[in-house]
2 protein chains.
Amino acid sequence: MGSLTKSFEDYLEAIYLLEQEKGAVRVKDVAKSLGVKLPSVTEAVRKMSKARLIEFERYGLIKLTGHGKIFAKEVYKKHKTLFNFLHKILGVNKSIALKDACEMEHGLSNITLNKLRQFMNKRR
Amino acid sequence: MGSLTKSFEDYLEAIYLLEQEKGAVRVKDVAKSLGVKLPSVTEAVRKMSKARLIEFERYGLIKLTGHGKIFAKEVYKKHKTLFNFLHKILGVNKSIALKDACEMEHGLSNITLNKLRQFMNKRR
DNA sequence: ATACAATGTTAGGTTACACTAACTAATATT
DNA sequence: AATATTAGTTAGTGTAACCTAACATTGTAT
């Protein structure tokens, strides 16, 4: 299983968060959340559906599969951990910490992630 | 000034390090260092030359311009700082720290970089 | 029930970046 | 000097993302 592209990771994370917030997720919501146009989402969603990361049918709602949710949570965990580190420990302001975390989360391995979590736990 | 693509950042960093190591840099060296094929380097190098980041002529040597060197150093600084943090502070092993740093360096803003440096200075 | 607004899709185009295969130039060996 | 090896280039492909413009569907309001 080749790992996910950055773009798929972003889509998964966005869908995951939208599911939490509002239950039902539409193409439009994802587009807004990621700052891309509708056709980009349509295409991504078709591919992710083929990859069994989400369930989706034309004009319908978007739902993570069990599989997809696992990945989404992983990505989000990386995001949260990085954000907290940047913001709460380094003191980087929220919006920059958010942006940097988004960019950096993709490269963060699970090994490093865990070390970072341990490190942060020790400090409080 | 749109900022550099990740790919350009990688090329700059590689060329910078190769210049240090061996003085003269060739297409082949860059290819080996980045793990890409020669034609990819030829193309990248042509574009970077057009963008005044390097000096290059067909079949010749590759040299960073003053401009290019500034960028290269910046990228490398991010890399080094991240690597040191991951390896020396978090205790991530070298090869993983190296790989993660490579991936994450691109997303690291200067603001966050500086906070990270301050943080690391305080700790010793 | 029709018609409109909002949402979604399709088709086709663009850019970035890598690749292979085939060719050319430069360098080294005999 | 002739040829073989190494290095570099060119041309053509492929894939991942994105986009715009045009069309289709759905749901809502009159």
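In this predicted model, 77% of the atoms of DNA strand C within 4 Å of the protein belong to sugar or phosphate, and the rest belong to bases. Around DNA strand C there are 19 residues, of which Arg26(A), Lys28(A), Thr42(A), Thr5(B) and Ser40(B) come nearest.

Helices H2 (27–34) and H3 (38–50) of chain A, together with helices H1 (6–22) and H3 (38–50) of chain B, each give two or more residues to the surface near DNA strand C. H3(B) gives the most, with 4 residues. By type, this surface divides into 9 nonpolar, 4 polar and 6 charged residues.

The two protein chains also touch each other. Their contact takes 20 residues from chain A and 20 residues from chain B. Together the chains bury about 1800 Å², 70% of it on carbon and sulfur atoms. On the chain A side, Leu90(A), Met104(A) and Phe119(A) lose the most area to chain B, together 28% of what that side buries.

There are 2 salt bridges across this interface. In a salt bridge between Glu103(A) and Lys6(B), the closest N and O atoms are 3.4 Å apart. Polar contacts link 6 residue pairs between the chains. Helices H4 (66–89), H5 (94–104) and H6 (110–122) of chain A each give two or more residues to the side that touches chain B. The largest share, 5 residues, comes from H6(A). The residues of that side of chain A divide into 11 nonpolar, 4 polar and 5 charged.

Methods. Residues are numbered from 1 along each chain as its sequence is written. Chains are lettered from A and ligands numbered from 1 in the order in which they are written. This is a predicted model: local features need pLDDT of at least 70, side-chain atom pairs count only at pLDDT 80 or more; totals for chains, interfaces and linings use all residues. Side-chain values use heavy atoms; hydrogens and water are left out. Contact means heavy atoms within 4.5 Å. Buried area is the accessible area (1.4 Å probe) that two parts lose on being put together, summed over both. A salt bridge is a side-chain nitrogen of Lys or Arg within 4 Å of a carboxyl oxygen of Asp or Glu. A polar contact is a pair of N or O atoms within 3.5 Å; within protein, one must be able to donate a hydrogen and the other to accept it, and residues adjacent in sequence count only if both atoms are side-chain atoms. Ala, Val, Leu, Ile, Met, Phe, Trp, Tyr, Cys and Pro count as nonpolar, Asp, Glu, Lys and Arg as charged, and the others, Gly among them, as polar. A residue is near a molecule or strand if one of its heavy atoms lies within 4 Å of it.
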